[in-house]
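Dear colleague,

Please find below the structure that I am handing over to you. My notes on it follow.

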Amino acid sequence: MEMKKLVKGLIVAGAMVAGGSAIAATQGTLGLTSTGTIDISVGVGDQIQITALADITGPYVPGTDFTGSSPACVYRNGGTGEFNVTMTSANGSGTDFQLNDAGTFVVYDVTFNDSVSGAINMDNNVLNNTDFTNANTTSPTCGGAPQSTIAINVPDANLGAVAAGTYADTLTIVVAPR
């Protein structure tokens with residue numbers, strides 16, 4: 001009876017190996033030495049990272065738009081280097097990015113430039129389907145030379161219409177593999 005169970009078990013195990021099952025380890029045999037093997041497989045998913053960002057600050061000069069920019073290094077661990085961008089204003093309303101001081105809001109514009117597609121106008125909390133293609137696929141720090149730029153423009157008409165204060169926002173940038 002025990003022998004029949006052993007033979008039946010070996011037949012099932014052999015069928016599983018022949019059928020492409022995940023059973024790949026080989027067991028050692030009893031002797032002066034014994035050798036077994038195991039296969040090792042580690043999957044690395046598609047990953048992306050944005051770094052090298054810098055705050056944009058400064059004084060408003062009446063009669064001029066306030067402009068500023070931040071570098072951005074977008075790294076992707078492989079693939080084609082294509083990615084999507086979504087930006088969200090902490091004070092945003094609808095598709096508008098907004099600065100805020102004590103409940104007074106000032107609308108501003110944002111562009112993202114991957115150095116290939118040109119400066120693309122962004123909308124608050126909207127996935128931009130532009131085919132951004134310039135993610136660095138070899139260096140998480142872009143080799144020290146970020147190739148993308150986030151730029152803002154606050155029109156003079158918007159700033160000139162509000163009281164003195166410090167108008168601020170937090171812009172969240174989400175990059176995702178495409």
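**The disulfide and the core**

At 1% relative accessibility, cysteine 73 counts as buried, where buried means under 20% relative accessible area, exposed over 50%, and partly exposed in between (1.4 Å probe, protein chains only). Cysteine 142 is likewise buried, at 7% relative accessibility.

Please note that this is a predicted model, in which local features need pLDDT of at least 70 and side-chain atom pairs count only at pLDDT 80 or more, while totals for chains, interfaces and linings use all residues. Residues are numbered from 1 along each chain as its sequence is written, and side-chain values use heavy atoms, leaving out hydrogens and water.

The structure holds one disulfide, a pair of cysteine sulfur atoms within 2.5 Å. Cysteine 73 and cysteine 142 form it, with their sulfur atoms 2.1 Å apart. Strands (E, at least two residues) are DSSP runs, numbered from the N terminus. The torsion about the S-S bond is about 90°, so this disulfide is right-handed.

The largest nonpolar core has 24 residues, and Phe83, Val85 and Val154 are among those with the most contacts inside it. Such a core is a set of buried Ala, Val, Leu, Ile, Met, Phe, Trp, Tyr and Cys residues joined through side-chain atoms within 4.5 Å. Strand β5 gives the most to this core, with four residues.
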